[in-house]
Amino acid sequence: MQPELIADYQCVCGENPLWNPFDKRVYWTDIPTGRIFRYDPATGAHEQFYQGEVVGGFTLQADGALLLFMARGAVAIWREGKLTPVVEEIPAERESRFNDVIADPAGRVFCGTMPTKAAPGRLYRLDTDGSIHLLLEGIGCSNGLGFTPDRKCLYYTDTPKREIYLFDYDQDTGAITHQRVAIRTPEGDGGPDGMTVDAEGQVWTAKWGGSCLVRYTPEGVEERRITFPARKVSSLTFGGDDCSDIYVTTAGGDTKEADGPGAGALFRVR
């Protein structure tokens with residue numbers, strides 16, 4: 001399982017890789033520079049197609065449009081180059097931005113925000129009627145999320161605490177309850193960043209500062225590790241027709257001397 005460099009746009013903070021089953025391409029964002037890219041594995045072509053407001057994360061709409069989660073708590077639909085606001089702002093997030101997001105099986109979106117000097121990060125849920133609900137406060141840095149295969153639990157990452165939590169999740173209401181620590185990652189091994197859950201229920205987490213992906217069992221035991229030529233491995237998604245490829249984003253494209261020759265690039269692991 002050797003990483004293959006797919007595209008290097010020297011992303012300052014490449015993030016939120018997401019496989020689009022409608023057009024069979026993988027999408028990802030460079031948060032600070034306000035860019036979004038896509039790659040077509042059928043042709044090998046890749047491009048930047050968005051330049052604008054900072055996008056901390058995004059999800060897909062049923063018609064293939066993107067739902068963008070931006071600075072100040074703003075949310076908007078991007079469709080054929082046009083932005084349509086959904087949430088203008090969240091007053092408590094005027095100095096912050098969204099970071100990592102995930103659509104749930106019912107179409108809601110769990111969306112976290114970055115900490116600021118004034119306040120820690122928070123976790124919200126955007127419902128399909130456009131209403132937004134505060135779920136958690138006091139988060140060191142809101143990060144990767146993922147559902148268990150039975151859709152009964154939600155994983156959620158707090159990077160500085162080096163912890164991945166597990167919640168009971170109610171698909172009918174979107175409620176999350178019974179927070180507990182599922183995985184505690186060791187010091188000196190990078191912080192857990194973006195994550196996903198595979199078909200076997202194993203948890204994959206990207207290690208920011210750790211140059212690797214790690215696959216954990218649900219009991220929190222490391223099962224395998226894949227290293228990358230980039231110190232800041234930020235997130236991952238499964239893609240391809242049978243979801244047997246892993247696409248991995250990295251950060252540090254502006255500081256390659258410190259962060260490695262692959263910093264800021266998109267990789268694939270078969």
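The structure holds 28 salt bridges, a salt bridge being a side-chain nitrogen of Lys or Arg within 4 Å of a carboxyl oxygen of Asp or Glu. Side chains of opposite charge can pair when their charged atoms come close. The model is a predicted one, in which local features need pLDDT of at least 70 and side-chain atom pairs count only at pLDDT 80 or more, while totals for chains, interfaces and linings use all residues. Residues are numbered from 1 along each chain as its sequence is written, and side-chain values use heavy atoms, with hydrogens and water left out.

One of these pairs joins Glu 47 to Arg 38, with the closest N and O atoms 2.7 Å apart. Arg 38 is buried, at a relative accessible area of 17%, whereas Glu 47 is partly exposed at 32%; here buried means under 20% relative accessible area, exposed over 50%, and partly exposed in between, using a 1.4 Å probe and protein chains only. In another pair, Asp 158 meets Lys 161 with the closest N and O atoms 3.6 Å apart, and Asp 158 is buried at 0% relative accessibility, while Lys 161 is partly exposed at 39%.

A further salt bridge brings Arg 180 and Asp 168 together at 3.0 Å, N to O. Because Arg 180 lies in strand β17 (residues 176-184) and Asp 168 in strand β16 (residues 163-169), this pair ties together parts that are 12 residues apart in sequence; strands are DSSP runs of E with at least two residues, numbered from the N terminus. Elsewhere, salt bridges that share partners join Asp 198, Glu 200, Arg 215, Glu 223 and Arg 224 into one network.

The largest pocket holds about 1,300 Å³ of space, where a pocket is, on a 1 Å grid over the protein atoms alone, an open set of points where a 1.4 Å probe fits, with protein on both sides within 12 Å along at least five of seven lines, and its lining residues have an atom within 4 Å of a point. Of the 45 residues that line this largest pocket, Leu 18, Ile 102, Ala 103, Phe 147 and Thr 196 are the closest to its centre. Among the elements that give two or more residues to this lining are β2 (14-20), β10 (98-103) and β18 (191-197).

The second largest pocket has a volume of about 160 Å³, and of its 13 lining residues, Tyr 27, Asp 63, Gly 64, Ala 65 and Trp 78 lie nearest its centre.

Note on methods: Points joined across faces, edges and corners; volume = space filled by probe spheres on them. Helix = DSSP H or I, 4+ residues; strand = E, 2+ residues; numbered from the N terminus.
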